[in-house]
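Grab a viewer and try each task before reading its solution.

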Amino acid sequence: MTQFDGELSPPFEIVEPQHWRAPIIFNSPHSGSVYPAEFLNASRIDLAALRRSEDSFMDELIGGLSDQGFPTVRVNFPRSYVDVNREPYELDPRMFTGRLPSFANTRSMRVAGGLGTIPRVVGDGQEIYRERLSVDDALGRIEALYKPYHRALRRLINKAHQAFGTVILVDCHSMPSVGVSRDEPRRPDIVIGDRYGTSCASLLPDVVEHIMSGLGYSIGRNKPYAGGFITEHYGNPASGLHTVQLELNRAIYMDERRRERSPRFAQVATDFAALAEALARVPLGDLGPFQAAAE
């Protein structure tokens with residue numbers, strides 16, 4: 001197994017409250033900012049370029065929610081190193097020396113775009129690596145980082161589900177304020193992703209939109225982000241498992257160029273706390289088992 005000499009110890013952190021306010025888990029899978037030395041040495045681009053893929057400070061925005069009775073999950077390694085919001089083996093054979101295992105998904109749209117489980121590019125399309133990686137390196141990262149994270153997240157979800165009969169996973173991300181394409185319209189403050197009505201009961205996105213629009217945020221749904229692997233994989237409304245993805249416009253809470261928190265940061269964190277309380281007031285009986293809407 002790949003060894004990280006303590007650089008990525010712990011690779012992720014789960015903070016459980018002593019008493020759960022509600023079966024709601026807040027997850028930040030893309031805010032990791034601990035870059036292993038061997039990764040930086042292998043990269044053809046500098047740290048500042050690598051960090052453009054980060055959901056910077058999203059883990060801090062939700063960090064205080066554990067004090068309110070909501071468990072939080074944060075990943076410490078960067079998504080440009082291993083992306084946990086992908087299938088376990090979405091791998092681009094052009095990146096590696098050696099043969100990938102037969103079960104690897106080499107043909108997904110995400111792999112084609114360079115954004116597989118081991119990404120080939122950062123968010124703005126820059127190539128990460130100077131040379132090809134070994135297949136063993138890729139598989140080692142998946143075994144040492146990806147799989148333990150998902151095992152721990154699954155245990156937390158199961159714990160909530162068994163205790164309450166239902167669970168809401170809020171998958172928290174951030175997005176650049178402008179898209180790569182000039183044709184893309186101005187992005188809203190928040191994009192709610194529910195895989196077009198399939199990953200959670202419809203009332204949950206409605207609650208999110210009602211609360212956050214009432215606090216002054218502009219809201220979009222499913223475009224340009226409908227939810228990734230986590231939203232799709234863990235969302236099963238028919239079994240009382242609800243997952244909703246939130247993409248927060250980075251310009252709302254940070255200086256994107258300097259990668260610094262903006263003066264509005266504290267207010268955004270307060271507004272997330274208000275959203276958590278609103279979700280906690282949703283009657284559990286309304287959450288499952290629930291038949292998802294047709295796409």
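**Exercise 1.** This is a predicted model. Find out which residues ring pairs link into a cluster.

*Solution.* Ring pairs join Tyr35, Phe39, Tyr81 and Tyr129 into a cluster. Zooming out, the structure has nine aromatic pairs.

**Exercise 2.** Classify the pair formed by phenylalanine 12 and tyrosine 149.

*Solution.* Start with distance: the ring centres are 5.9 Å apart, and the cut-off for a pair is within 6.5 Å. Next, the planes: they sit at 80 degrees, and over 60 counts as edge-to-face, so this pair is edge-to-face. Now place the partners: phenylalanine 12 is in strand β1 (residues 12–15) and tyrosine 149 is in helix α5, 137 residues apart, so the pair links distant parts of the chain.

**Exercise 3.** Are phenylalanine 12 and tyrosine 149 buried or exposed?

*Solution.* Buried means under 20% relative accessible area. Phenylalanine 12 comes in at 17%, so it's buried. Tyrosine 149 has 1%, so it's buried too.

**Exercise 4.** Check the length of helix α5 against its residue count.

*Solution.* Helix α5 runs over residues 135–164, which is 30 residues. Along the way, α5 bends by about 35 degrees at isoleucine 142. Just after α5, glycine 165 adopts a positive phi of about 85 degrees.

**Exercise 5.** Which ring does the charged end of arginine 261 sit over?

*Solution.* That's the ring of phenylalanine 265, with the charged end of arginine 261 placed 5.9 Å from the ring centre.

How values were computed: Residues numbered from 1 in each chain as written. Predicted model: local features only at pLDDT ≥ 70, side-chain atom pairs only at ≥ 80, totals over all residues. Heavy atoms only, no water. Helix = DSSP H or I, 4+ residues; strand = E, 2+ residues; numbered from the N terminus. Expected span 1.5 Å × (residues − 1). Bend = angle between axes of the 7 residues up to and from the residue. Phe/Tyr/Trp six-rings, centres within 6.5 Å; stacked < 30°, edge-to-face > 60°. Buried < 20%, exposed > 50% of the residue type's maximum accessible area, 1.4 Å probe, protein only. Lys NZ or Arg CZ within 6 Å of the ring centre and 35° of its normal.
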